[in-house]
Amino acid sequence: MTPSRSSEPDAITPADAIPPADPASPDRTRPGREPEPLAVVPVELAALAERVRAVTPARVFVGRTGTSYRTANLLALRADHAAARDAVDAELDLTGAALAATTERFGLFAVHSAAADRAEYLRRPDLGRRLSDEGRAQVAARCPPGADLQVVIGDGLSAAAVATQVPALLPALLTSAAEAGWSIGQPFAVRQCRVGVMNDIGDLLHPTVIVLLIGERPGLATAESLSTYLAHRPRSGHTDADRNLLSNIHHRGITPAQAGERITGLAQAMHTLGISGVSIKEPTTVRALPTTAPPEPGPTSST
């Protein structure tokens, strides 16, 4: 009698039962075959390190002493970490040396979000997404409603980014808007600011497009990186899907001049199409990678 076929899966063939590999086969994984040595390509380490450093601020090819960083690299790492912590804790100062000229030129003023201070802002992100009652009153009194373009400056998580990037970016952005024939709202700043405050301002002023220049969360590469959020007619209920973002505006990323052109292009698309967010795409351009690292900026202030 023919035995019935078992419902168990077929047994797995043990490795030692696999036939010997064909010596001509390129398969290095079969048992009994020694791996073929890989070809060694000569590399000039110094040139490679320079090439890599040109395209990333990451700490690569920094060398070591024993199992530790070299002293200079360790001190630089600690300094960058301290600068990042300082950037988060710092208060936005429109009358300080970095922003005083910009404040006077454009008549900037500052209001507060619903977060009473920095500590509460860090604990309660929701409070940073709406203006304080006093702030709403100031904005309503000093900013004309219905502008084609309303620029808002927010400290976010790095007042240092605002102080470093806004003096060059804001004039370029407002000049481009004027050349496009848009009406421009009175720019102002929001302390203890989160991105969601755009909805509150949209409900209050009803601009066609809001541009929020806000400090990014600092890292060890830089504490001075700025982000730009744009939204077409923002209002309560809008989410990140209704906004567009341009990030990494700093000396090793997107320059203020480049950012100004891209922000204007996005704002123009929003005016034309009447939408923003995931439905708006920037045109893709292919650019050659740099071959040399940009000059390092001066020391970051820890005050």
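**Figure 1. Overall architecture of the predicted model.** The secondary structure of the protein comprises eight helices and six strands, assigned as DSSP runs (helices H or I, at least four residues; strands E, at least two) and numbered from the N terminus. This is a predicted model, in which local features need pLDDT of at least 70, side-chain atom pairs count only at pLDDT 80 or more, and totals for chains, interfaces and linings use all residues. Residues are numbered from 1 along each chain as its sequence is written, and side-chain values use heavy atoms, with hydrogens and water left out. Along the sequence, the elements follow the pattern α-α-α-β-α-α-β-α-β-α-β-β-β-α. Of the 303 residues in the protein, 37% are buried (under 20% relative accessible area; exposed is over 50% and partly exposed in between; 1.4 Å probe, protein chains only).

**Figure 2. Surroundings of serine 113.** Serine 113 occupies the loop between strand S1 (110-112) and helix H4 (118-123). Its relative accessible area is 2%, so serine 113 is classed as buried. A polar atom of the serine 113 side chain lies 2.6 Å from the backbone oxygen of glutamine 192. Beyond neighbours within four places in sequence, the residues in contact with serine 113 (heavy atoms within 4.5 Å) include Leu127, Arg130, Val190 and Gln192.

**Figure 3. Salt bridge between aspartate 155 and arginine 118.** The structure holds five salt bridges, each defined by a side-chain nitrogen of Lys or Arg within 4 Å of a carboxyl oxygen of Asp or Glu. In the one formed by aspartate 155 and arginine 118, the closest N and O atoms are 3.3 Å apart. This pair links distant parts of the chain, 37 residues apart: aspartate 155 is in the loop between strand S2 (149-154) and helix H6 (159-179), and arginine 118 is in helix H4. Both aspartate 155 and arginine 118 are buried.

**Figure 4. Salt bridge between arginine 243 and aspartate 240.** The two side chains meet at an N to O distance of 2.6 Å. Arginine 243 counts as buried because its relative accessibility is 10%, whereas aspartate 240, at 53%, counts as exposed.

**Figure 5. Salt bridge between glutamate 282 and arginine 262.** The N to O distance between these side chains is 2.8 Å. Glutamate 282 is in the segment after helix H8 (256-273) and arginine 262 is in helix H8, so that the pair links distant parts of the chain, 20 residues apart. Glutamate 282 is partly exposed at 29% relative accessibility, and arginine 262 is partly exposed at 31%.

Notes. Polar contact = N/O pair within 3.5 Å; in protein donor to acceptor, adjacent residues only side chain to side chain.
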